[in-house]
Amino acid sequence: MAQTRTDVRPPFSANQLASGGATASLEARTSSGRALHYYARLLVACTLILVAAGGMVTSTNSGLSVPDWPTTYGQSMFTFPPSKMVGGIFYEHGHRLIASGVGLLTLGLALWLWLADSRRWTRWLGVGALAMILAQGVLGGVTVLFFLPPAVSTAHAGLAELFFCATVAIALFTSAGWSAEYGLSTATDDARLRLIATSTTVLVYAQILIGATMRHIGAGLAIPDFPLMFGHIMPDHWSAAIGVHFAHRVTAMIVTMAVATTSIYIWRRHRDRQELTRPAALLVFLLKVQMTLGGLTVLSGRAAWINSLHVVCGALVLTTSLVITLRSWRLWFSDVQSRVPLRIPRIVRTAASEGARA
């Protein structure tokens with residue numbers, strides 16, 4: 001009987017499998033996961049470039065420099081001669097080309113996640129990001145075909161921020177720190193932090209939507225001075241444009257208080273958690289830069305490059321706040337993959353168990 005069990009025993013023991021074959025499998029999966037994470041980070045960087053390009057289109061009033069869509073002056077956007085990309089055409093057509101590249105990268109990320117990531121919610125987030133970039137392209141086309149309607153243009157800007165958030169979230173979810181739960185034995189589980197961080201992120205996004213509305217209705221200089229408003233603390237006369245501009249400034253102060261509350265809370269209660277303190281410090285720095293750029297945008301008469309940097313920095317403030325929020329919710333995510341041990345083939349397990357009983 002013992003001889004029969006010996007005949008079916010694998011060429012290496014369960015211990016050897018765990019220390020050899022399993023280790024090789026783990027290293028292969030770790031390498032694959034690292035490559036996926038860096039690919040996601042590449043998409044984040046390209047998306048930020050796309051946000052900057054979109055900001056330049058708006059800041060230079062180039063939205064109708066190419067009056068047709070999806071073609072460019074009747075030609076495929078991919079065969080349009082670079083020699084004709086002059087003036088506003090450079091910004092608008094360049095924006096379309098960058099968006100196409102980001103779309104292809106997003107398709108690759110969605111496929112990679114679907115094939116390599118065992119977490120269902122992460123795979124569907126990749127599909128959602130792909131759906132968002134496709135919808136973003138359609139909104140961009142509708143914006144051109146209907147001559148820049150403010151509602152559609154604002155929706156286009158708002159969806160761009162959501163897509164950027166999705167790419168940052170995917171990069172975070174595929175990182176080694178996220179998989180390791182930033183130290184499981186002392187993982188952050190703070191309901192108040194979750195509430196404060198989530199509220200801050202929502203407020204930042206609302207501020208961005210108000211700013212997008214302000215830009216697309218042409219209210220960026222409705223109040224032409226800063227920090228005062230027509231020489232007063234409050235505007236001495238009102239219009240729809242002045243109201244939107246005023247709301248943008250007021251919301252900026254609310255966001256400042258929210259960011260300060262989040263950062264101070266983290267530094268007081270979780271100063272030993274670098275995954276929280278580092279983005280909190282970065283968030284405060286970015287907010288200071290953003291406030292400075294906002295004032296300079298008004299004082300410079302909406303200089304294109306300053307206005308565009310203001311848009312980019314706003315996106316970075318949003319995603320930095322999002323990172324803090326997601327990390328504060330880490331324990332609430334169902335991530336079975338990080339807790340399931342490596343599986344040994346059933347035939348090996350059976351043979352090993354029979355050998356142990358013998």
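**Entry 1: α7**

Which helices do the buried residues of α7 pack against? I looked, and they pack against α5, α8, α9 and α10. A note to myself before going on: this is a predicted model, where local features need pLDDT of at least 70, side-chain atom pairs count only at pLDDT 80 or more, and totals for chains, interfaces and linings use all residues. Residues are numbered from 1 along each chain as its sequence is written, and side-chain values use heavy atoms, with hydrogens and water left out.

My terms here are simple. Buried means under 20% relative accessible area, exposed means over 50%, and partly exposed is in between (1.4 Å probe, protein chains only). A contact means heavy atoms within 4.5 Å. Helices (H or I, at least four residues) and strands (E, at least two) are DSSP runs, numbered from the N terminus.

I listed the buried residues of α7, and among them are Leu193, Arg194, Ile196, Thr200, Val204 and Met214. I then checked the helix length. The expected span is 1.5 Å times one less than the number of residues. The 26 residues of α7 should span 38 Å, and the end C-alpha atoms are 38 Å apart, so the two agree.

What caps the N-terminal end of α7? I found Asp190 there, with a side-chain oxygen 3.0 Å from the backbone nitrogen of Arg192. After α7 comes Gly218, with a positive phi near 75°.

**Entry 2: the whole chain**

I stepped back to count elements. The protein chain has eleven helices and zero strands. Of its 358 residues, 44% count as buried. I also looked at contacts with a separation of 6 or more, and 75% of them come from residues 24 or more positions apart.

**Entry 3: the cores**

Next I looked for nonpolar cores, meaning sets of buried Ala, Val, Leu, Ile, Met, Phe, Trp, Tyr and Cys residues joined through side-chain atoms within 4.5 Å. The largest has 28 residues, and those with the most contacts inside it are Trp178, Val204, Ile266, Ile324 and Leu326. At least two residues of this core come from each of α5 (150-173), α7 (191-216), α8 (240-269), α9 (274-299) and α10 (304-328). Which helix gives the most? That is α10, with seven residues.

I followed Leu326 further. Leaving out residues up to four places away in sequence, Leu326 touches Ala169, Leu172, Phe173, Trp178 and Phe333. Apart from this core lies another, of 26 residues, including Ala40, Phe164, Val311 and Val323.

**Entry 4: Thr262**

Thr262 is in helix α8. I wanted to know: is Thr262 buried or exposed? Thr262 counts as buried, at 2% relative accessibility. The side chains of Thr262 and Thr200 are joined by a polar contact of 2.8 Å. (A polar contact is a pair of N or O atoms within 3.5 Å; within protein, one must be able to donate a hydrogen and the other to accept it, and residues adjacent in sequence count only if both atoms are side-chain atoms.) Not counting residues up to four places away in sequence, Thr262 touches Ile196, Ala197, Thr200 and Ile324.

**Entry 5: aromatic rings**

How many aromatic pairs does a search of the whole structure find? I got eight. The rule I used: rings of Phe, Tyr and Trp (its six-membered ring) pair if their centres lie within 6.5 Å, and planes under 30 degrees apart count as stacked, over 60 as edge-to-face and the rest as tilted.

Tyr39 and Trp112 have ring centres 5.4 Å apart and planes at 55°, so this pair is tilted. The pair links distant parts of the chain, since Tyr39 is in α2 and Trp112 is in α3, 73 residues apart. Trp112 is partly exposed, at 27%.

Tyr73 and Phe80 make a stacked pair, at 6.2 Å centre to centre and 25° between the planes. Tyr73 is partly exposed at 42%, whereas Phe80 is buried at 7%. I also noted a cluster in which ring pairs link Trp121, Phe173 and Trp178.
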